[in-house]
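Open the model in your viewer and keep the selection panel at hand.

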Amino acid sequence: MNKERKRRRGRKSKRITVITVFIFGIFAFMWASVYRIQILDADLYRELAAENTYEEQTTSGIRGCIYDRYGRPLAINTESLSLYYLPDANHPDLNEALVYLLDILETNGDSISLEQTFPIGYDEKTGFYYLPEYDVGSNEVALYNFLAEIYNTSRDALTYEQKMTTAEEAFNQLVQNTFELPQMDSVEKQLELAQIRYAIFCGRFNPTVPVLIADNISETTQAAIMERRSDFNGFTVQTEYTREYPEGELFAHIVGYAGHINQTELEEHADQGYDANDTIGKTGVELYYEEQLRGVDGTVQIELDGD
């Protein structure tokens, strides 16, 4: 009897020992994992977190200024602030943020400035209308492409009724269904909101390229946006430069001028790192000393979340 009890106690003691070792093993593994993550691999995870939080964008270099022998400026750069939105930021409350943004712009006397053409216009006399370049009589393909976008279908799959959509019907479809925009207190504001959403929507084809929302904004607008960074996830204000010639036509034949690079120039300078958004010297000193005057591009980090 005593032997049996001793045997049972021995088996029980072994089980307890095994369980105890197993539990300690689990805790040891967990402690080792935590130590590895928080101590040994801390820098790695910090970098990964930063990569998930920020998007690195290229910024255009500042073009060199031109002066005469007495130090008088002949070609200079004027600073301005531009507001951009990064399409792949995927703002969870984008419509709400844009309504607030429009209020900020209006309060500070600024306005939107979009590079993407919005196919629909409006005036009080005629109401909504398609722009000439989207009119069915002049550019049927462009109009049907736009209608396919707002109906979330393909151009070939458009029904006859959809192809006959009026400008007002198309606008209402875009506001109520495509983007589910909130109602604004005027048609003009509703149109601005739709224009911005459409520009961002078109940016989906190249989501890492920021979409211009407004240029030449005030520092007050910039401050208002920066104060509410969590509400403006994906938005960034960049400093840009406009070329100006203080002497005007007086030295125009010598200084020349710089302008937006065209397709021919882009192909000619393909091996020099130019892109479609660059400025390049066209004539005179601006052209002759292009290599020296051209700015060096840099990079900027854009925060993708509000935390």
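The model is a predicted one, in which local features need pLDDT of at least 70, side-chain atom pairs count only at pLDDT 80 or more, and totals for chains, interfaces and linings use all residues. Residues are numbered from 1 along each chain as its sequence is written, and side-chain values use heavy atoms, with hydrogens and water left out.

H3 covers residues 94–107 and H7 covers residues 187–202; their axes come within 10 Å and cross at roughly 125°. That angle makes H3 oblique to H7 (under 35 degrees counts as roughly parallel, over 145 as roughly antiparallel, 65 to 115 as roughly perpendicular, the rest as oblique). Axes are lines fitted to C-alpha atoms, for helices over the stretch in contact, with angles from 0 to 180 degrees between N-to-C directions. Helices (at least four residues) and strands (at least two) are DSSP runs numbered from the N terminus.

Now show side chains. On H3, the contact (heavy atoms within 4.5 Å) is made by Leu94, Asn95, Leu98, Val99, Leu102 and Glu106. On H7, the partners are Lys189, Glu192, Leu193, Ile196, Arg197 and Ile200. By class, this contact has 7 nonpolar, 1 polar and 4 charged residues. Here Ala, Val, Leu, Ile, Met, Phe, Trp, Tyr, Cys and Pro count as nonpolar, Asp, Glu, Lys and Arg as charged, and the others, Gly among them, as polar.

The axes of H6 and H7 come within 11 Å and cross at roughly 70°, which makes H6 roughly perpendicular to H7. Phe171, Leu174 and Val175 of H6 meet Gln190, Leu191, Ala194 and Tyr198 of H7. This contact has 6 nonpolar, 1 polar and no charged residues.

Which residues of H6 are buried? They are Ala167, Ala170, Phe171, Gln173, Leu174 and Val175 (buried means under 20% relative accessible area, exposed over 50%, partly exposed in between; 1.4 Å probe, protein chains only). These residues pack against E4 (120–123), E5 (127–130), H4 (140–150) and H7. After H6 comes Glu180, with a positive phi near 50°.

Last, select E6, residues 211–217, where 5 of 7 residues are buried. E3 (residues 73–85) pairs with E6 in the antiparallel sense over 4 bridges (pairing takes at least two DSSP bridges). Val211 in E6 is the bridge partner of Tyr85.
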